[in-house]
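Keep the sequence and the 3D view side by side as you read.

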Amino acid sequence: MLIFWIIFNAVILVLLFVDLAVLNREGRVIAFRQALLSSAVWIALAFVFAIIIHQWMGATRALEFVTGYLVEVALSVDNLFVFILLFAYFKVPQEQERTVLFWGIIGALIMRGLFILAGVALVSRFHWMLYLFGAFLIYTGYKLMTEAEDKQVDPSRNLVLRITRRFLPVTTEYEGKKFFTLRQGRRFATPLFVVLLVVETTDILFATDSIPAILAISRDSFIVYTSNVFAILGLRSLFFALAGLMKLFHYLNYGLAAVLMFIGVKMLAEMKYHIPTWIALLVIAVVLTVAVLASVAFPKKTDVSC
């Protein structure tokens with residue numbers, strides 16, 4: 001099984017390298033049409049991989065992959081709000097947003113892999129942890145629903161940011177793609193490195209929701225990991241495709257809250273009743289579709305000051 005993990009990660013790294021270092025080596029701003037095309041390619045690759053899983057591991061595992069992928073993509077879309085805020089707060093040049101997301105994904109692949117292996121091991125050895133995760137997801141969903149309208153993120157309060165600024169000299173200006181630079185023989189970190197650290201630590205917080213959620217769908221570590229990876233890769237493209245449209249989906253947080261609470265209930269229900277994966281997939285798809293359609297049908301009113 002280890003060989004499949006190695007092959008999968010090697011292929012993903014090659015695709016990322018081709019995307020950043022070959023197709024977009026100039027570091028230019030990504031156009032909306034190109035971002036949509038890139039998103040479509042990653043989505044298509046995810047479903048091609050689902051077909052491979054179907055042929056290799058069977059229909060059950062393929063359905064678990066698709067369901068897990070849908071859950072992770074939905075949670076990733078919500079995370080776009082935070083990334084947009086982070087880039088605006090740090091005034092990241094548009095042509096360097098791609099660099100941050102590229103290296104952020106590399107770090108996320110490593111951290112998510114460790115988180116998933118640890119989570120699967122815990123659930124396998126201590127089955128009661130599954131119910132703890134379920135209760136946590138219900139609580140998280142409730143908080144997301146009650147705070148959906150006034151959700152605020154203050155990047156300046158990030159602990160890693162404060163520690164970095166205290167112990168590491170940071171330049172006041174960006175220097176292209178450089179994370180570090182030399183000035184008068186002394187090494188300085190650039191603001192781009194600080195942004196990368198904040199993005200990585202923010203992803204750890206995201207993982208506390210997404211990993212328990214997908215463990216309710218599957219406990220096969222390979223399925224959990226690969227669905228996470230495809231969702232993360234899709235997030236990178238979706239950022240550029242949807243960054244200007246995210247405010248349209250103002251009911252999405254409510255849909256995500258309902259999904260998290262449903263998955264939490266599904267986890268707790270496992271004590272006496274197993275909810276089939278296809279039912280979970282149907283519920284998640286319907287809830288998210290309703291949230292998006294409601295956002296479009298009932299646009300958020302903007303405050304008009306006289």
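L45 sits in helix α2, where helices (H or I, at least four residues) and strands (E, at least two) are DSSP runs, numbered from the N terminus. The model is a predicted one, in which local features need pLDDT of at least 70 and side-chain atom pairs count only at pLDDT 80 or more, while totals for chains, interfaces and linings use all residues. Residues are numbered from 1 along each chain as its sequence is written, and side-chain values use heavy atoms, with hydrogens and water left out.

How accessible is L45? Its relative accessibility is 33%, so L45 counts as partly exposed; buried means under 20% relative accessible area, exposed over 50%, and partly exposed in between (1.4 Å probe, protein chains only). Leaving aside neighbours within four places in sequence, L45 is in contact with L15 and F230, contact meaning heavy atoms within 4.5 Å.

Staying in helix α2, which spans residues 32-57, you will find A40. A40 is partly exposed too, because its relative accessible area is 41%. G234 turns up again here: its C-alpha atom is 8.6 Å from that of A40, and the two are 194 residues apart along the chain.

Next, look at the aromatic rings. There are 15 aromatic pairs in the structure; rings of Phe, Tyr and Trp (its six-membered ring) pair if their centres lie within 6.5 Å, and planes under 30 degrees apart count as stacked, over 60 as edge-to-face and the rest as tilted. How are the rings of W56 and F222 arranged? Their planes stand at 80 degrees, with centres 5.6 Å apart, so this pair is edge-to-face. The pair bridges distant parts of the chain, since W56 belongs to helix α2 and F222 to helix α8 (residues 221-242), 166 residues apart. W56 is partly exposed because its relative accessibility is 37%, whereas F222, at 2%, counts as buried. Both also belong to a cluster linked by ring pairs, whose members are F4, W5, F8, F47, F49, W56, F65, Y69, F222, Y225 and F230.

Is T99 buried or exposed? With 4% relative accessibility, T99 counts as buried. Apart from neighbours within four places in sequence, T99 is in contact with K177, F179 and L192. The C-alpha atoms of T99 and G176 are 9.7 Å apart, with 77 residues separating them along the chain.

Helix packing comes next. Two packed helices are described by the angle between their axes and the distance between the axes. Helix α9 (residues 252-269) packs against helix α10 (residues 277-297) at an angle of about 165 degrees, with the axes 8 Å apart. Axes are lines fitted to C-alpha atoms, for helices over the stretch in contact, and angles run from 0 to 180 degrees between N-to-C directions. That angle makes α9 roughly antiparallel to α10 (under 35 degrees counts as roughly parallel, over 145 as roughly antiparallel, 65 to 115 as roughly perpendicular and the rest as oblique). On the α9 side, the contact is made by L252, G255, L256, A258, V259, F262, I263 and K266, and on the α10 side by A280, V283, I284, V287, L288, A291 and S295.

Finally, zoom out to the whole protein. It has ten helices and two strands, following the pattern α-α-α-α-α-α-β-β-α-α-α-α along the sequence. Buried residues make up 48% of its 306 residues. Of the contacts with a separation of 6 or more, 81% involve residues 24 or more positions apart.
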